[in-house]
Amino acid sequence: MKPENNKILLIGGATRNVGKTHFTCSVIENISKKHNIIGLKIKTIYENDDFFHGKDINPLKGNYRIIEELDKNGNEDTIKMLKAGAKRVFRIKSKNIFLKEAFNLFMNLIPENSLIICCLLYTSPSPRDRTRSRMPSSA
């Protein structure tokens, strides 16, 4: 599938717990009344970034993983998106250098002309965590 045939709204933030999921679910709740929404949660893994993601109860094995959320019981962000009214919800967890490959595979899983609302997990350190940074020292 060609990504240009889909509409994507990307919601992201620079740190955890800033309201990305809450805002995403509010948007889904309002838009899903008139449109079929595909929800997408992306978590990008960089080398040596455990500090930024906290404890991972389901570590990545391989280069990436794409999971369709089917369960409406629980408190995961993807479950919240389903409860908000998304027709389908997917979770991509990928090493940063394989994100494009994972995203292209995801695009092949959904119908053409889909409306996708994507919530990006933070991919840069929190302003609170200025002691560690992914930015090169020359930046």
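**Figure 1. Accessible surface and overall make-up of the predicted model.** The accessible surface of the protein comes to about 8700 Å², and carbon and sulfur atoms account for 51% of that area. The model shown here is predicted. Of the 139 residues, 35% count as buried. Four helices and five strands make up the secondary structure, and from the N terminus on they follow the order β-α-β-α-β-α-β-α-β. Among contacts with a separation of 6 or more, 74% are between residues 24 or more positions apart.

Figure 2. The five strands form an open sheet with mixed pairing, in the order β1-β5-β2-β4-β3. Strands β1 (7-11) and β3 (64-69) stand at the edges; each has a single partner strand, so one side of each is left without a neighbour in the sheet. On average, neighbouring strands of the sheet are turned by 20° against each other, direction ignored.

Figure 3. Strand β2 (residues 37-45) and strand β4 (residues 88-95) run parallel and are joined by eight bridges. In this pair, L40 stands opposite F90 of β4. Helix α1 (residues 20-31) packs on the sheet and touches β1, β2 and β5 (115-120). The direction of α1 makes about 170° with that of β5. Helix α4 (residues 99-109) also packs on the sheet, touching β1, β2, β3, β4 and β5. For α4, the direction makes about 160° with that of β4.

**Figure 4. Surroundings of I31.** I31 is found in helix α1. With a relative accessible area of 27%, I31 is partly exposed. Leaving aside residues up to four places away in sequence, I31 touches I37, L115 and I117.

Figure 5. In soluble globular proteins, nonpolar side chains tend to be buried together. The largest nonpolar core of this model has twelve residues: I11, C25, V27, I28, I37, M81, L82, A84, A86, V89, L115 and I117. Helix α1, helix α3 (77-84) and strand β5 each supply at least two residues of this core. One of the core residues is V89. Not counting residues up to four places away in sequence, V89 touches G39, I67, E68, E69, T78, M81 and L82. Apart from this core lies another, of eleven residues, among them I38, F106, M107 and I116.

**Figure 6. The salt bridge between K41 and D77.** Side chains of opposite charge can pair when their charged atoms come close. Three salt bridges are found in a search of the whole structure. One of them joins K41 to D77, with the closest N and O atoms 2.8 Å apart. K41 lies in strand β2 and D77 in helix α3, and the pair links parts of the chain 36 residues apart. K41 has a relative accessibility of 5% and counts as buried, since the limit for that class is under 20%. D77, at 23%, counts as partly exposed.

Figure 7. E68 forms a salt bridge with R88, the closest N and O atoms being 2.9 Å apart. This pair links E68 in strand β3 with R88 in strand β4, 20 residues apart. E68 is partly exposed at 28% relative accessibility, and R88 is partly exposed with a relative accessible area of 25%. The side chains of E69 and R91 also meet in a salt bridge, at 2.8 Å from N to O. E69 lies in strand β3 and R91 in strand β4, so this pair ties together parts that are 22 residues apart in sequence. At 9% relative accessibility, E69 counts as buried, whereas R91 is partly exposed with a relative accessible area of 26%. E68 and E69 are also among the residues that V89 touches.

How values were computed:
Residues numbered from 1 in each chain as written. Predicted model: local features only at pLDDT ≥ 70, side-chain atom pairs only at ≥ 80, totals over all residues. Heavy atoms only, no water. Buried < 20%, exposed > 50% of the residue type's maximum accessible area, 1.4 Å probe, protein only. Contact = heavy atoms within 4.5 Å. Areas by Shrake-Rupley, 256 points an atom, 1.4 Å probe, with all protein chains shown as cover. Pairing = 2+ DSSP bridges. Axes fitted to C-alpha atoms, helices over the stretch in contact; angles between N-to-C directions. Core = buried A, V, L, I, M, F, W, Y, C linked by side-chain atoms within 4.5 Å. Salt bridge = Lys/Arg side-chain N within 4 Å of Asp/Glu carboxyl O.
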